[in-house]
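Please view the model alongside the text.

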Amino acid sequence: MFRPVIFDEKVCDGCNMCVEVCPLDIFERNPEKGKPPILKYPDECAYDGACWLRCHLRDKGAIKVVPPLPMKVSILRG
Amino acid sequence: MTAKIEVIPIETDVLIIGGGLAGCMAAIKAAEKDVSVTIAEKADTRASGCAGTGVDHIWAYIPPVHEKMGYTIEDIIESHTKGIANGFIDQELLHLIVRESYNRILDLENFGLNFRFEDSKAPGKFRVVTQFHSAPTTLNFDGRDLKVNLTREARKRGVRIINRVNMVELLTSLDGHILGALGVGTRDGKIYHFKTNAVVTSTGRVNRLSRSLTGVWGNTRVPINETGDGRAMAFRAGLPIINMEFLSNAMYSIGNFELNLGSPRNTVQPAAAVVDGKGDILVPRTQFYDWDNPGEKREVSAGHGERPDYFALQDQGKGPFYLDLTGGTEEEIGYIEWSIRNEGKGSYFLDYLKNQEHFDFRTDKLEWLPNSREMAGTASSGLVVDKDLETGIKGLFAAGDEVGGLPWVCAPGAVTTGWHAGEMAAKEAMNRKSFQDIENDKPDALVSLCEGMYHNEDGLHWREVEIAVQNIIDHYAGKVRAEEMLLRAIDRLSDIEKNVTFRAENPHELGRCLEVKSVIENAGMVLRASVERKESRKMPFGFYRADYPESNDKDFFVFLAQTLKEGRVEFNKIGIKKIDENNIGS
């Protein structure tokens with residue numbers, strides 16, 4: 001199973017904005033208030049980054065979206 | 001789930017199906033009138049559709065820029081018709097887009113989006129680039145938050161937004177009026193029964209007909225949840241659907257992460273080149289953004305340049321290929337990064353590129369790899385509408401990518417057709433006094449269908465059905481098609497349609513099952529239209545028939561329309577009005 005989204009639970013305040021905006025609806029609210037959402041359908045991630053873009057704590061590292069290996073760009077380093 | 005599924009009746013004067021860029025614009029405009037307006041959206045309007053996480057460009061006839069340069073609206077229409085659409089376009093609708101796009105840009109500006117830049121010397125302080133047309137018609141703008149702003153503006157005007165509902169069925173009267181629509185809530189599992197007097201359908205493109213090239217399900221350029229729902233609903237309601245045969249073959253772009261960063265010469269890469277491993281140039285870098293000096297008027301029929309056939313080059317042993325921005329100045333790199341940040345998945349992509357890959361535009365090159373196949377914008381598929389965007393069903397309008405016959409109208413197409421369809425839908429709703437009760441079995445049938453999926457021990461998971469359908473499309477309707485192969489594909493698809501039942505554990509999975517049903521409907525349209533187009537049409541259409549290798553303008557310079565009539569599919573040809581008989585389609 002892919003692991004497209006990683007939350008830092010020390011930073012995430014469980015506001016659930018990512019749950020609301022995700023176009024593919026891959027998250028579920030954590031039953032424990034204030035905790036990061038649960039990644040219920042990780043292999044339905046579209047890597048559009050809506051969750052990351054709308055996270056008000058993204059600059060503090062609350063959420064990280066990681067493309068799976070086949071999606072990583074191929075780089076010719078200069 | 002054992003309890004009977006609850007059906008929620010909702011009365012709304014105007015229903016918008018699909019709250020992307022076109023749908024939100026339609027809702028905002030419709031709400032100016034004294035009518036109730038509801039958007040039914042399968043995701044969340046703040047992040048849904050092709051503009052979901054941003055758009056950095058929109059083209060228009062821009063009077064302050066183009067009048068000064070000597071271009072007319074007709075020049076831009078001609079440029080788009082010849083250089084982009086190769087004649088395959090509905091010019092009456094194109095006229096609406098070219099004429100109105102700038103007005104909609106001013107509306108977007110009022111909705112809080114920034115189009116003007118202190119460092120621009122162009123009239124209006126716009127950032128104007130040459131991209132689609134012979135004239136510099138593309139405006140770059142801070143469009144990352146477009147959908148957030150439009151959602152706010154819609155709500156401000158009293159629009160009701162119902163997110164997480166997949167629309168699956170149109171309800172019509174015997175005399176051909178729209179009466180409502182049915183959808184399924186993918187969180188609450190309820191069935192939404194809308195009763196309405198006017199509908200705008202704007203569900204976008206059809207994706208998932210072909211396998212994602214990287215093998216990662218969500219990795220497609222167009223949003224993966226756009227499953228041609230509007231086309232499927234309209235087809236079942238007896239409306240003609242055009243241009244479904246133009247499922248294009250893969251092109252090269254930034255691999256492996258598929259996003260809309262396009263080729264060099266695109267807005268996000270004005271200073272990029274494509275090179276091979278030895279550093280030999282395949283696509284030279286073009287001029288950097290030219291908004292400081294839009295230059296002289298050019299020949300309007302000038303296209304935007306040929307792109308190399310990378311597959312052919314690879315067959316000759318060439319490659320690998322790279323996107324090369326290393327020649328860019330600091331200013332150019334700054335501009336490109338800004339542009340990527342505002343376009344599509346670009347905001348996240350740029351963050352990933354810089355912070356996870358530590359990519360440096362000054363020294364590193366990105367490998368240029370094939371993208372997945374998609375429903376081409378080249379000869380756009382969709383519904384047939386009149387000049388006011390009304391379909392053959394009275395009160396049913398289409399907008400954005402739902403409209404057939406408008407290739408590469410993208411964001412300007414969405415904002416202009418959305419706005420106009422919203423206005424017309426509101427007018428239609430005001431003319432009709434009350435909601436009609438619908439005497440038909442469709443709501444009950446949908447309840448049965450959904451309940452059947454929940455309790456279906458022998459049903460299949462949506463993903464295995466989707467893969468099977470994609471296998472059929474990719475094997476039988478690939479780069480080169482032929483009648484026998486296509487007919488076999490139709491038989492195999494028909495087997496799936498007749499014999500496969502789905503299994504859903506919850507409303508979320510049920511939504512996916514309904515999407516796959518829509519994909520199956522669209523796949524059938526692709527295959528049937530491919531049989532019917534008995535000719536080949538080279539790039540940019542990329543439609544090749546082994547049994548009809550020649551192009552045949554006499555019989556096939558037309559939109560092929562397919563219509564469901566009493567259980568059978570009929571085809572007819574819709575002539576394309578040409579502006580210049582001598583120069584188009586030759």
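The points below cover the interface, the salt bridges and some local features.

This is a predicted model, in which local features need pLDDT of at least 70 and side-chain atom pairs count only at pLDDT 80 or more, while totals for chains, interfaces and linings use all residues. Residues are numbered from 1 along each chain as its sequence is written, chains are lettered from A and ligands numbered from 1 in the order in which they are written, and side-chain values use heavy atoms, with hydrogens and water left out.

**Interface of chains A and B**

- In contact (heavy atoms within 4.5 Å) are 45 residues of chain B and 37 residues of chain A.
- The buried area (accessible area, 1.4 Å probe, that two parts lose on being put together, summed over both) is about 3,600 Å², and carbon and sulfur atoms give 53% of that.
- On the chain B side, Val216(B), Tyr348(B) and His508(B) lose the most area to chain A, together 16% of what that side buries.
- The rule finds 7 salt bridges across this interface; a salt bridge is a side-chain nitrogen of Lys or Arg within 4 Å of a carboxyl oxygen of Asp or Glu.
- One joins Asp25(A) to Arg164(B) at 4.0 Å, N to O.
- Another joins Arg54(A) to Asp145(B), with the closest N and O atoms 2.8 Å apart.
- This pair runs from the loop between α2 and β4 (63–65) of chain A to the loop between β5 (138–140) and α5 (146–156) of chain B; helices (H or I, at least four residues) and strands (E, at least two) are DSSP runs, numbered from the N terminus.
- Arg54(A) is buried at 17% relative accessibility, whereas Asp145(B) is partly exposed at 24%; buried means under 20% relative accessible area, exposed over 50% and partly exposed in between (1.4 Å probe, protein chains only).

**Other salt bridges**

- Over all chains the structure holds 53 salt bridges.
- Glu28(A) and Lys40(A) meet at 3.2 Å, N to O.
- Glu28(A) is in strand β2 and Lys40(A) in the loop between β3 and α2, so the pair ties together parts 12 residues apart in sequence.
- Lys534(B) and Glu483(B) also pair at 3.2 Å, N to O, and they are 51 residues apart.

**Local features of chain B**

- Ser536(B) sits in the loop between α14 (507–532) and β19 (544–545) and is buried, with a relative accessible area of 5%.
- Residues that Ser536(B) touches include Phe543(B), Tyr548(B) and Glu550(B).
- Helix α10 (410–431) has 22 residues, of which 17 are buried.

Technical notes. The expected span of a helix is 1.5 Å times one less than its number of residues. Lists of a residue's contacts leave out its neighbours within four places in sequence.
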